[in-house]
Amino acid sequence: MATFLEQVETIRQAALAELGQAADLAALEQARVNHLGVNGQFTSLMKQLGALPKEEKPAAGKLINQAKVELEKILGEKRADLELKASLPKEPTDFTLPGRRRTLGKLHPLTQVTEDIVRSFRKLGFVVADGPEIEDEYHCFDALNTPADHPARDSQDTFYLAAPAPAPNAAPGTPKRQLLRTHTSSVQIRVMKKQAPPVRIIVPGRVYRRDNADATHNPTFHQIEGLYVDRNVTVGDLKGTVDFVFRELLGADVKLRFRPHYFSYTEPSYEIDFTSPLVRKMGKDWLEIAGCGMVHPQVFENVGYDPEVWTGWAFGFGIERIAMIRYGINDIRLFYENDVRFLKQF
Amino acid sequence: MKVTLNWLKNYVDFDWSPEELKERLTLLGLEVEGMGKIGGDFEGVVVAQVITCEKHPNADKLTVCRVNDGQGERQIVCGAKNFQAGDKVPLALPGCTLAGPAGSPPFTIKVGKIRGVDSYGMMCSPKELGLAEDASGLMLLPADARVGQGFAAFLGRAGNDVVYDLEVTPNRPDLNSVIGIAREISALTGNPLKLPGITLPAGAGRVQEAVGVRIEDEEACPRYTARLIRGVKVGPSPDWLKQSLEKVGLRSISNVVDVTNYVMLECGQPLHAFDYHLLQPQAAQALPTIVIRRAGEGEKFTTLDNQERQLTSQMLVIADECRAIALAGVMGGQNSEINEKTVDVLLESAAFKPQSIRATSKKLELRSDASYRFERGSDIGICDWASQRAAQLILETAGGQLAEGVVDAFPRPPQSKEITLRFARTDQLLGVAIPAAEQAGYLRKLELAVVREEASSVTVRVPTWRVDLKREADLIEEVGRLYGVDKIPSTAPKCSAGANEFDAVHDQYAEVRRLLAGLGLDETQGQTLLPETGARLTGKDLVCLQNPLSSDMNVLRPSLLPGLLDALQRNLNRKNGDLALFELGRVFLPGAHGPREGRRLALALTGSRSPLFWTGTEREARLDLHDLKGLIEEFFEQIGIRGVNYVRRAEPTSLYLESAEIQLGKYLLGELGWLQPALARKLDLRDSGLLAELDLDLLLARRNPEKSFKALPAFPSIRRDVAMLVPEEVTHDAVLKLVKQARLQSLETVSLFDVFRGQNVPAGQKSLAYAFIYRHAERTLTDQEVNEAHNRLVEQFKQQLHATVRE
């Protein structure tokens with residue numbers, strides 16, 4: 001006949017097996033009742049303890065307690081496992097169902113393109129500068145060597161503010177009509193008037209022209225301007241920098257062409273055309289993309305730089321145009337309609 | 001400016017192909033905006049006659065024809081049905097390229113087999129020739145068409161030529177002429193410029209005895225020449241003259257008028273011809289006199305286009321002693337124009353001040369080829385040459401007899417200008433070494449007379465036609481142009497650090513945008529220019545435009561919200577119902593010292609809280625104010641703004657049904673609220689609209705983005721929850737204030753986890769439930785300590801907030 005200690009071990013083994021096999025919480029509860037409950041096997045073992053000889057009691061009691069503690073621990077672990085399992089769906093998971101999405105917002109394509117341009121220039125040591133959008137004729141035209149009767153100043157082409165208020169530091173007798181800047185070049189003047197050369201800035205920002213909105217025009221659009229003034233700056237430097245930036249922006253396979261042109265604030269002046277497989281796919285040889293040139297000596301004189309000492313270049317281009325070329329967007333108005341189906345594409 | 005290849009070739013030799021010329025002109029700075037072949041379209045197409053016509057052995061719908069092309073017979077397979085033997089048709093010979101219908105690429109005719117039968121060309125429909133849309137059958141030609149004749153000639157079209165449409169930059173008025181462009185080609189090729197030789201007959205009767213010239217405003221009219229040709233016969237122009245004009249888009253009028261236009265196109269000098277007998281002298285026997293004067297204020301004058309115009313005293317007119325006869329430099333007058341009865345022609349060739357012509361032309365909204373040229377600056381030196389050239393051509397085309405000499409009123413011939421070019425300066429600016437002799441050579445080729453040449457510099461005299469050359473930089477540009485900008489080597493970008501205080505601000509804007517995109521909002525870009533009605537909704541003062549394009553865009557935005565509302569509406573109209581948008585941009589407000597510009601950040605939400613999903617109770621949830629506020633709170637925390645108060649406004653505004661100011665200490669940082677339902681309805685919102693706007697300048701100035709490490713807690717925390725009924729007007733903020741006042745040292749956080757109204761909550765009350773977390777930094781708190789502190793707090797709630805705490 002098995003000893004009492006052997007009986008305890010047998011019941012312990014049976015209890016362990018039953019707990020281990022319990023497939024759900026109900027089976028686990030049944031196992032608990034069978035072994036650890038009020039009428040369970042261990043309870044009855046405890047009752048039999050009294051009948052044992054006195055010298056055997058401590059060892060037997062200890063063994064029963066150890067087994068009980070062990071079983072309680074396993075029961076707890078097993079219960080936690082089964083509870084977790086019970087909280088999961090019972091059906092098999094359809095992994096092809098759409099997930100519960102969290103949507104990220106999108107930056108406006110003009111912001112993205114602007115940031116890309118800024119990043120390229122920053123690699124070359126340029127920093128971002130800024131200026132007001134409400135300008136005066138001096139910064140927007142006069143200082144940039146624009147003739148007094150130049151058509152760009154017409155109220156046909158430029159927005160003027162109603163009821164002009166005199167600027168606090170206006171020189172007496174100079175009427176300074178307030179207008180919405182027609183180009184970011186006005187910031188060149190503000191920066192050069194404020195700081196001594198060398199200058200390396202880029203200026204992204206909104207500009208305004210009095211054009212009715214159509215597929216290629218919007219009265220509000222964005223430009224980015226680059227200005228570099230130092231000793232011995234050349235057309236070669238201008239070409240090198242423009243090459244670098246446009247390759248970064250539009251891909252290494254673009255080809256640029258400089259074409260003599262006219263701007264009042266640069267001399268010599270050029271327009272920049274580019275071509276790429278994409279341009280040729282559009283059925284064109286070249287696409288005009290930017291204007292540039294060497295800062296006109298008159299502009300340097302206007303801001304108090306000595307043109308004999310300093311030379312520099314400036315260039316500017318439309319951000320919308322770059323974005324349109326890059327993404328194949330065919331209507332500039334889309335940028336300002338803010339249709340989320342458009343915004344989400346970039 | 002339009003010019004044709006053949007016309008250019010009259011003045012300078014070059015052997016470039018039409019495409020090459022386009023490239024060369026473009027790289028000289030004369031951008032070719034358009035290029036078109038004239039008359040060459042039908043090269044290889046002839047008039048042919050069908051001799052026989054038989055069914056194709058292998059195809060029911062095709063016929064095999066024998067056709068006479070004028071040289072011989074050839075076999076053609078044809079799909080058309082509308083012809084029979086004997087008909088005359090256009091035949092495209094192998095090798096010929098047809099432009100094809102608009103929108104499709106050109107195609108070249110080849111010899112080939114069609115269903116096993118050889119075909120040596122193609123008989124054409126009107127559509128295949130690009131003449132009409134009709135593609136139903138062959139183009140049938142009249143019976144008298146001459147077999148073998150070139151099709152272009154059959155149509156009566158002129159011979160081959162190429163017309164270029166050039167963009168002339170405003171600084172180069174000299175390029176608004178064929179000779180000006182030829183001069184550029186001459187400079188580039190080194191081939192001489194061949195100006196037409198002029199030999200005028202001696203003339204009979206001095207012109208001075210027939211007409212006088214009096215300039216009353218020498219500033220506005222620095223030169224005026226007059227010639228007289230008597231006894232002309234006004235009539236149609238000869239073909240060469242007519243075609244020269246028509247090729248570049250001018251209408252032929254009569255021989256005399258056409259000559260003036262031809263010479264203008266040729267040399268850039270606008271001319272005008274008057275009927276001499278329509279000049280009214282002061283008295284019957286007096287000498288007719290041309291007077292160049294300012295118009296009288298309100299003077300009425302009928303221009304050639306049959307419009308009566310009211311002049312101002314700023315405008316310059318050409319007059320006789322009695323009345324105006326032309327609007328100087330802009331357009332002639334009806335009262336003196338050349339007509340079929342004209343016998344004596346007075347020819348004007350003058351120079352006018354560009355600003356004067358521009359002002360007149362603009363004021364009257366009257367533009368002409370003459371005003372276009374004068375307002376850009378004409379060549380004062382060419383007046384007499386142009387007059388002689390025109391006189392010669394009038395004599396050739398309209399006959400007549402020239403009066404001897406010219407009346408040339410030229411009171412103050414301008415001093416010729418000299419500019420010095422330092423060769424080293426060219427190299428320094430262009431970044432390439434161009435030998436001195438080469439530099440000087442370029443200037444010579446442009447007909448700049450060299451006054452002085454030294455080892456290091458050259459001084460040139462600027463010809464009268466180059467009004468753009470003012471200083472050294474302008475000469476450097478000329479050298480660079482002829483040298484070729486494509487030959488200037490690119491140099492690797494030089495790197496050094498720039499400096500500008502805005503650079504850091506730019507990054508802050510980028511950070512703000514990235515945070516909001518990360519929070520799930522899409523960035524928009526709204527219009528700066530708004531309709532006044534929309535902008536008024538914001539309740540702000542406005543900066544107005546003096547010359548708006550329309551009333552839809554007449555003020556500058558005082559806030560970004562109208563633009564966002566616009567974006568909401570447009571999206572909702574297009575059934576994009578779930579929107580979370582933001583914009584970062586400038587606003588404009590009037591100020592004591594003129595308009596002020598500021599940067600704002602605005603948010604707008606409407607629609608579903610989360611993307612479409614297929615299960616769960618939350619999936620129907622709509623965005624509400626607390627979504628908006630949660631975004632703002634998270635944004636503030638990330639950007640480093642703390643201690644913000646939300647103060648509810650007592651009254652609705654025109655924009656908001658219910659709103660709050662966002663206060664940061666004594667500053668107003670922004671606002672947020674529920675959009676007015678009436679507005680929402682107008683914008684077609686199906687759900688509530690939520691708006692917020694923040695003063696970004698203030699926000700960035702007040703932010704504290706500094707971060708420092710705090711040790712992680714080493715001891716456990718104890719949580720106590722409180723659920724209490726409080727009167728409706730007790731705000732969450734009031735609860736927090738009270739908690740703060742209690743100054744419980746071990747209180748770590750307090751969080752609201754339930755707000756409830758309804759069952760078991762008396763009307764006018766709400767139930768708030770808070771979790772309080774207590775922790776000590778240096779030891780484990782005892783239950784007793786926590787209970788003591790917590791009970792004090794609960795006691796405060798009861799006393800100060802009249803709270804009923806649910807135990």
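**Close-up 1. Where chain A and chain B touch in this predicted model.** Let's start at the contact, to which chain A brings 99 residues and chain B brings 89 residues. Putting the two chains together buries an area of about 8,000 Å², and carbon and sulfur atoms give 50% of that area.

**Close-up 2. Polar contacts and salt bridges between the two chains.** Here you can look for the 17 salt bridges counted between chain A and chain B. One to find is the salt bridge in which the side chain of A:E301 meets that of B:R471, at 2.9 Å from N to O. On the side of chain A that touches chain B, helix α8 (residues 235–250) gives the most, with eight residues. Sorted by class, that side of chain A has 41 nonpolar, 27 polar and 31 charged residues.

**Close-up 3. The second largest pocket and its lining.** Rolling a probe the size of a water molecule over the atoms shows where empty space is left. In the second largest pocket, that space comes to about 2,100 Å³. Its lining has 50 residues, and those nearest the pocket's centre are B:K629, B:E633, B:Y646, B:H732 and B:D733. Several elements of chain B give two or more residues to this lining, among them the helices α16 (625–639) and α19 (732–742) and the strands β34 (644–648) and β40 (765–774). The top contributor is α16(B), with 10 residues.

Key: Residues are numbered from 1 along each chain as its sequence is written. Chains are lettered from A and ligands numbered from 1 in the order in which they are written. This is a predicted model: local features need pLDDT of at least 70, side-chain atom pairs count only at pLDDT 80 or more; totals for chains, interfaces and linings use all residues. Side-chain values use heavy atoms; hydrogens and water are left out. On a 1 Å grid over the protein atoms alone, a cavity is a set of points where a 1.4 Å probe fits but cannot get out, and a pocket is an open set with protein on both sides within 12 Å along at least five of seven lines; lining residues have an atom within 4 Å of a point. Grid points are joined across faces, edges and corners, and a volume is the space filled by probe spheres set on the points. Helices (H or I, at least four residues) and strands (E, at least two) are DSSP runs, numbered from the N terminus. Contact means heavy atoms within 4.5 Å. Buried area is the accessible area (1.4 Å probe) that two parts lose on being put together, summed over both. A salt bridge is a side-chain nitrogen of Lys or Arg within 4 Å of a carboxyl oxygen of Asp or Glu. A polar contact is a pair of N or O atoms within 3.5 Å; within protein, one must be able to donate a hydrogen and the other to accept it, and residues adjacent in sequence count only if both atoms are side-chain atoms. Ala, Val, Leu, Ile, Met, Phe, Trp, Tyr, Cys and Pro count as nonpolar, Asp, Glu, Lys and Arg as charged, and the others, Gly among them, as polar.
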